[in-house]
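I want to go through the strands, the helices and the core in turn.

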Amino acid sequence: MSLTTPPGDHASDSLLRSDLHWLFARLKQGLATAEISAVREHGMTLWGYTVLMAIVDAPTRSQLALAQAVSVDKSKLVLVLDELETAGLVRRRPDPADRRARIVEATDTGRRVLDDARADVEAIENNLLADLDPAARNALRTVLGQLAGAPVARIENGRQQDNACAPPQP
């Protein structure tokens with residue numbers, strides 16, 4: 001399914017192009033299409049890239065805290081960590097304070113791969129934002145960062161993530 005709107009299709013512009021879900025979905029689709037290819041060149045999935053960024057940000061984070069930080073299900077996180085560990089990008093070690101928990105750390109290789117992948121992703125993001133002046137770019141990132149926190153949690157209101165395209169359940 002393509003989320004693109006044909007050029008000149010102005011009949012639906014007023015409603016469609018003012019709908020936040022559609023706007024964010026279109027941006028996400030375009031970024032994902034470009035970034036999946038970029039991070040694949042560095043031996044990662046997009047989830048792997050995201051998780052690796054979070055690990056580098058806070059290397060002593062437990063797997064549970066990591067799952068919460070990147071908003072992914074714990075079982076999905078285990079699969080992503082398995083891939084990253086197999087690739088030599090992260091290592092898991094027992095938490096000395098809790099034998100049941102694991103601390104996840106990026107390896108030196110993982111940090112180098114992330115730096116290289118991040119440079120490619122930043123180039124994609126800069127290309128996306130090329131038509132915006134620096135102040136608008138900063139404002140966009142600031143506002144998106146604010147919305148991604150408490151406001152999203154507020155509207156989710158404890159609901160489970162669902163497939164947005166699935167038909168409503170009775």
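I count two strands as paired if DSSP finds at least two bridges between them. Helices (H or I, at least four residues) and strands (E, at least two) are DSSP runs, numbered from the N terminus. This is a predicted model, so I kept to its cut-offs: local features need pLDDT of at least 70, side-chain atom pairs count only at pLDDT 80 or more, and totals for chains, interfaces and linings use all residues. Residues are numbered from 1 along each chain as its sequence is written, and side-chain values use heavy atoms, with hydrogens and water left out.

Strands. I found β1 and β2 paired antiparallel over six bridges. Two residues make the hairpin that joins β1 to β2, and Asp95 has Asp98 in β2 as its bridge partner.

Helix α3. I checked its length: at 1.5 Å times one less than its number of residues, the twelve residues 46–57 should span 16 Å, and the end C-alpha atoms are 17 Å apart, which agrees.

Core. I took a nonpolar core as a set of buried Ala, Val, Leu, Ile, Met, Phe, Trp, Tyr and Cys residues joined through side-chain atoms within 4.5 Å. The largest has 23 residues, and Met44, Val51, Ile55, Leu66, Leu81 and Leu84 touch the most other members. The largest share, five residues, comes from α3. Beyond four places in sequence, Leu66 contacts residues including Val51, Ile55 and Leu81.

Terms used. Buried means under 20% relative accessible area, exposed over 50%, partly exposed in between (1.4 Å probe, protein chains only). Contact means heavy atoms within 4.5 Å.
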